[in-house]
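Dear colleague,

I am passing on a structure for you to look through, with my notes set out below it. Please read them with the coordinates open beside you.

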Amino acid sequence: MAEKTAIVVGASMAGLLAACVLSEHFDRVTVVERDTLPDGPEIRSGVPQARHVHALLVQGQHLLEEFFPGLSDELTESGAPRFTWCRDTCYFTPGGWIKRFDSKIQTNMIRRVDLEYRIRKRVSARQNVTFLTGRDVRGLLADDANLRVTGIEVTVRGAQDVEQHTADLVVDCTGRGSKTPEWLVALGYDAPRETSVKSYVGYATRMYKKPADAPDWTVLFINARSAEGNPRGAAIFDVGHGEWMVSLGGLNKEYPPTDDDGFMAFARKIPSPTLAEALSRAEPTSPIVGYRIEGSRLRHYDRLARRPEGFIAMGDAVCSFNPIYGQGITVAALEARELDAALHRHGTANLTGFAGVFQKRVAKTLANAWVLATGEDLRFPGTEGDRPGFAARLIQRYVDQYAKVSFNDELLTLTFIKVLNLAAPPTTLFAPRIVARVIALTFRQWRGMPIAGQDGTQIPAVQG
Ligand SMILES: Cc1cc2nc3c(=O)[nH]c(=O)nc-3n(C[C@H](O)[C@H](O)[C@H](O)COP(=O)(O)OP(=O)(O)OC[C@H]3O[C@@H](n4cnc5c(N)ncnc54)[C@H](O)[C@@H]3O)c2cc1C
């Protein structure tokens, strides 16, 4: 039987996860990447977002552990703090500080460069995976009738050389800036339609030396609050090795400044004073770096009327989210799991029909994350995008009430944390026993019992 081959374009998280899965199904997998890949956990130009805080959601870490057994222990041993959600996280939501208790849910606090490097090492150790770096993919090759993609055309960086590489399946993992829509048009197909929710997000990030008398949390996370018209939020992540990574974030063009005074002035305007207080006692160890992104964008590859066979897209190339919700890596991992399942069902002997089926699975897989990210962003008046209809507004009212009454309740907090971590679907918030609890707590609130009213000044102590 002829050898079966696959090419993955882009060696970031989606590309590495795709390559890992494809190596189980194809004889040979080639990962083609524009950057020269460093032999260590270093920033590279193709992934500038690695300078900013990256949360690895519970579901994401669970899936990464499935793909790469032992990864969580490896991260812990390398100094990436392992922490327990709720107990070690101080989280100021629109409802107030959530209760601190032992949720038994654990993940690692990661540095993005470190995670990518460890996964790259594991993928490159696979015998049938090859990396071709310093190569800029500039188009797709197709058969004479343009019905099937047969490979890619590549320019070698720093040289005039053009290379052609062929494969049975080509996977686009080139991220948000993917040129696939143009490549499809060049082959005579329509570009996919796009849905955008433009919340105009800005990040500013700085490293600090963790103070010797640092508080007892691993994460301090403060949400922006639409109800109070405050589009500013922030996070301090204890990334290990005695360092804090601090990112300030603003929505609706409230971009955090990258100069010392502006950075601190912005930190003082976020909804809780605890972050600015913590920073005033810590020593900065790096310059401040900024990042701006338009918002969330979804390309509807699942709805293409015509598509070439032998070509699929994954990760940010399909959907990139407002990063504040920390979903991108987890969604890429969920899509990789779908890729594995789809290849098990379809096989690689004849890939006709595979691309259409897979893109439909991708669209389903990312739908919950899309609803969570865009639903929240659309609460802010300066966000551009289709506003929710009547039914969705009712749901939002319920979620608002949930936030107001849930913060001091372990069951409701745990449910909320699982949904945010993509470990449970948003529908879990509407399970009968959860709704009953929200109603009961709402009545308690109406009867004057003090449930809400936290102003964000006091970080709660761990209970239990
Ligand atoms: C500021 C910020 C913060 C974020 N925070 C989080 C977080 O907390 N948690 C989380 O899960 N996610 C977060 N994300 C999202 C996360 O970084 C991405 O979702 C994740 O990296 C998966 O993206 P990807 O692999 O699809 O694309 P990318 O990471 O964008 O990688 C694309 C790769 O393709 C290569 N490439 C591009 N074009 C070509 C070409 N023509 N030829 C060859 N190679 C090419 C690039 O060099 C790069 O290596 C954040 C994003 C940003 C911007």
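**A hairpin to start with**

Strands E9 and E10 form a hairpin that has five residues between them, and in its turn Gly158 has a positive phi of about 80°. The two strands, E9 covering residues 149–156 and E10 covering residues 162–166, pair in the antiparallel sense over five bridges, and Gly151 has Thr166 as its bridge partner in E10. Please keep in mind throughout that this is a predicted model.

**Domains**

The chain is divided into domain 1 (5–68 + 114–195 + 295–373), domain 2 (81–110 + 197–294) and domain 3 (390–446). Between domain 1 and domain 3 the C-alpha centres lie 35 Å apart, and nine residues of domain 1 are in contact with five residues of domain 3. On the side of domain 1 that touches domain 3, helix H2 (58–67) and helix H9 (354–377) each supply at least two residues, and H9 gives the largest share, four residues. By residue class, that side of domain 1 divides into five nonpolar, four polar and no charged residues.

**The ligand shell**

Turning to the ligand, 37 residues surround it, and the closest are Gly10, Gly46, Gly175, Gly315 and Gly328. The shell draws at least three residues from each of domain 1 and domain 2. Helix H1 (13–22), strand E8 (135–142), strand E17 (289–299) and helix H8 (328–346) each supply at least two residues of this shell, with the largest share, four residues, coming from H8. The residues around the ligand divide into 17 nonpolar, 14 polar and six charged.

Strand E4 (residues 89–93) pairs with strand E13 (residues 219–222) in the parallel sense over four bridges, and in E13 the bridge partner of Cys90 is Leu220. E13 is in turn joined by four bridges to strand E14 (residues 232–240), and these two run antiparallel; here Val219 stands opposite Phe237 in E14. E14 then pairs with E15 in the antiparallel sense over eight bridges, with Trp244 in E15 as the bridge partner of Asp238. Finally, eight bridges join strand E12 (residues 194–209) to E15, again in an antiparallel arrangement, and Ala204 stands opposite Leu248 in E15.

How enclosed is E15 by the rest of the structure? Seven of its eight residues are buried, so E15 is largely enclosed. Trp244, which lies in this strand (residues 243–250), counts as buried because 24 C-beta neighbours lie inside 10 Å, the cut-off for that class being 20 or more. If its neighbours within four places in sequence are left aside, Trp244 is in contact with Tyr208, Lys210, Ile236, Phe237, Asp238 and Ala282. Trp244 and Glu283 are 39 residues apart in sequence, while their C-alpha atoms are 9.8 Å apart in space.

His241 has a phi near 55°, a positive value in a residue other than glycine, and lies in the loop between E14 and E15, which form a hairpin with two residues between the strands. Leu422 likewise has a positive phi, of about 55°, although it is not a glycine, and is found in the loop between helix H11 (410–420) and H12.

Is each of these two residues buried or exposed? His241 is exposed, because it has 11 other C-beta atoms within 10 Å, where 12 or fewer is the limit for that class. Leu422, by contrast, counts as buried, because it has 25 C-beta neighbours inside 10 Å.

**Helix H12**

Helix H12 (residues 432–446) has 15 residues and reaches 21 Å from its first C-alpha to its last, which is close to the 21 Å expected at 1.5 Å a residue. Just after H12, Gly448 takes a positive phi of about 95°.

With best wishes

Technical notes. Residues numbered from 1 in each chain as written. Predicted model: local features only at pLDDT ≥ 70, side-chain atom pairs only at ≥ 80, totals over all residues. Near = placed C-beta within 6 Å. Nonpolar A, V, L, I, M, F, W, Y, C, P; charged D, E, K, R; others polar. Domains from an automatic or database assignment. Pairing = 2+ DSSP bridges. Expected span 1.5 Å × (residues − 1). Contact = placed C-beta atoms within 7 Å.
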